[in-house]
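Here are my notes on the model you sent over. Keep the viewer open while you go through the points.

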Amino acid sequence: MDSYGCGCKNAVIIEGIFGEIYPDITSYKEEAMNYENESFESLIKDTDRSLSELKPISVKSYTMINNNRMEVTVITWGASIVSLKCPDKFGHSTDIVLGFDDLKSYMNPVLNPFIGCVLGRCANRIKNGCFSIKDKDYELTKNDNNHHIHGGTNGFGRQIWNSHIDDCSVVMSYLSEDGEEGYPGAVLATVRFKLTPDNKLEIHMRATTSKTTIINMSHGSLFNLAGHDAGEVELKKHKILLNCDRWTFSDYSDSIPTGAIRGVGGTVMDFRIPRLLGEYMEKVPPGEGFDHNFCVTKNWQSDSSFVARALHMKSGRVLEVYSDQPGLQFYTGGRLLQQFTPSTFVTYDHYLHQQKLKTNEDINNYLNMNEESKENGEELLTPDVRPLQFLTGKRGAHYKKNCAFSIQPQNYPNAINYAHFPCAILYPGQVYCHDLTYKFGVQLANYM
């Protein structure tokens with residue numbers, strides 16, 4: 001573990017190893033999908049290779065600490081924020097972002113539905129996973145029912161990023177190949193994390209492309225200012241203010257915007273003055289809280305501007321969000337839990353089979369098949385599929401529905417398919433830019 005002093009002498013960056021990944025495992029994934037009757041181990045034997053010969057890639061961690069006892073840890077898996085500790089008004093420091101203790105949990109797509117990672121190539125949803133550029137149609141991976149979300153099954157948040165320390169910052173980069181998840185063009189993306197002396201976490205995102213493509217990057221940290229393990233009770237005690245006067249209307253049964261843009265006045269979407277979250281979450285049909293895109297009220301400034309503020313009154317912790325993007329996704333964790341999950345993945349082919357169970361109908365059919373096998377005295381293929389009640393997070397915390405919130409500045413969802421939404425297209429020679437800032441502080445009295 002190495003420690004680096006910041007050039008401005010106000011911060012320290014500690015570099016370590018969060019875990020290791022055997023990269024060649026992924027190269028067998030596609031081949032294993034074509035050999036359903038063969039185990040992962042037999043595929044390795046067929047190629048005269050063994051697990052002992054595979055060289056692991058280290059997933060690095062970087063912990064940034066400033067003089068105000070604020071501490072942020074990021075890892076190169078998905079450029080994820082795994083820990084963010086800041087003191088409350090009494091001086092007690094607590095971790096306020098959801099996350100996991102080990103790399104295995106971060107790599108499990110059922111346990112980790114985009115928690116704390118970079119969202120891209122295209123954050124949020126694209127209807128039916130389809131879009132067109134210059135009269136050419138593209139079809140993306142569908143990983144949100146029939147839609148595409150957050151870059152797909154193996155988007156930016158599920159990749160290992162290259163990294164280095166640049167003075168006061170941690171810089172990560174990733175080259176997304178042409179055709180990855182169905183997107184056109186090779187995209188080089190970089191993310192710069194910087195913790196400032198005044199408790200700002202700055203996240204600067206950049207991207208360039210070899211072909212005309214779409215880019216919409218954001219970050220998916222889930223916050224609970226009372227503590228990552230404080231749960232729904234404390235989440236509902238937050239006061240939220242959003243600098244947004246409109247929202248992209250979507251039916252409660254489908255999160256994809258219809259194309260209509262409506263004013264927030266007189267509705268449960270109106271957070272232009274601070275609102276107690278618990279009084280509004282249950283009013284949003286179908287009672288799962290918020291997962292909606294709001295339109296930021298822009299001022300005359302062309303760079304980052306204020307977009308949101310959150311306050312937990314008991315601890316006094318305050319989070320302010322600044323960004324240069326036209327929209328923000330406000331999410332309160334109502335869809336945090338997946339419908340089903342295996343309790344363990346015993347073998348790699350077992351894991352691959354779970355990945356094929358995409359819908360409730362698939363799962364029910366598979367469970368019925370298992371019951372028939374049991375009656376015939378046959379061994380069950382997957383004996384441990386069961387409903388998921390909670391996610392096991394850091395230090396054994398139980399993350400349940402509506403236990404945290406996320407404020408994700410970004411372009412509007414499905415912007416590529418609506419001409420009147422802000423343009424999501426990036427052309428060769430252009431540089432995509434998103435400057436996002438989380439500013440943390442304390443409030444000693446209730447002025448909000």
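1. Leaving aside neighbours within four places in sequence, V97 is in contact with I81, V82, S83, L84, L222, F223, H228 and K394, where contact means heavy atoms within 4.5 Å. V97 sits in the loop between strand 6 (93–95) and helix 4. Helices (H or I, at least four residues) and strands (E, at least two) are DSSP runs, numbered from the N terminus. V97 counts as buried because its relative accessibility is 1%; buried is under 20% relative accessible area, exposed over 50%, and partly exposed in between (1.4 Å probe, protein chains only). V97 and V72 are 25 residues apart in sequence, with 10.0 Å from C-alpha to C-alpha.

2. A word on the basis of all this. This is a predicted model: local features need pLDDT of at least 70, side-chain atom pairs count only at pLDDT 80 or more, and totals for chains, interfaces and linings use all residues. Residues are numbered from 1 along each chain as its sequence is written, and side-chain values use heavy atoms, with hydrogens and water left out.

3. Now the whole chain. It comes to 8 helices and 32 strands, and buried residues make up 52% of its 448 residues. Of the contacts with a separation of 6 or more, 69% are between residues 24 or more positions apart. The chain exposes about 20200 Å², and carbon and sulfur atoms supply 48% of that (Shrake-Rupley method, 1.4 Å probe; for residues, only the protein chains shown count as cover).

4. On to aromatics. A search of the whole structure finds 18 aromatic pairs; rings of Phe, Tyr and Trp (its six-membered ring) pair if their centres lie within 6.5 Å, and planes under 30 degrees apart count as stacked, over 60 as edge-to-face and the rest as tilted. How are the rings of F18 and Y106 arranged? Their centres are 5.9 Å apart and their planes stand at 75 degrees, so this pair is edge-to-face. F18 belongs to strand 2 (residues 11–21) and Y106 to helix 4 (residues 103–107), so the pair ties together parts that are 88 residues apart in sequence.

5. Stay with Y106, which has a relative accessible area of 0% and is therefore buried. F100 and Y106 form an edge-to-face pair too, at 5.2 Å centre to centre with 90 degrees between the planes. Both F100 and Y106 are buried. Elsewhere, ring pairs link F223, F405, Y438 and F440 into a cluster.

6. Two charges are worth a look. The charged end of R262 sits over the ring of F249, 3.7 Å from its centre, and that of K283 sits over the ring of Y280, 5.3 Å from its centre. The test is NZ of Lys or CZ of Arg within 6 Å of the ring centre and within 35 degrees of the ring normal.

7. An open sheet of 5 strands runs in the order 20-19-22-25-30 with antiparallel pairing; two strands pair if DSSP finds at least two bridges between them. Strand 20 (261–263) and strand 30 (406–410) are the edges, each pairing on one side only. Strand 25 (residues 327–331) is joined to strand 30 by 5 bridges, and F330 stands opposite I407 in strand 30.
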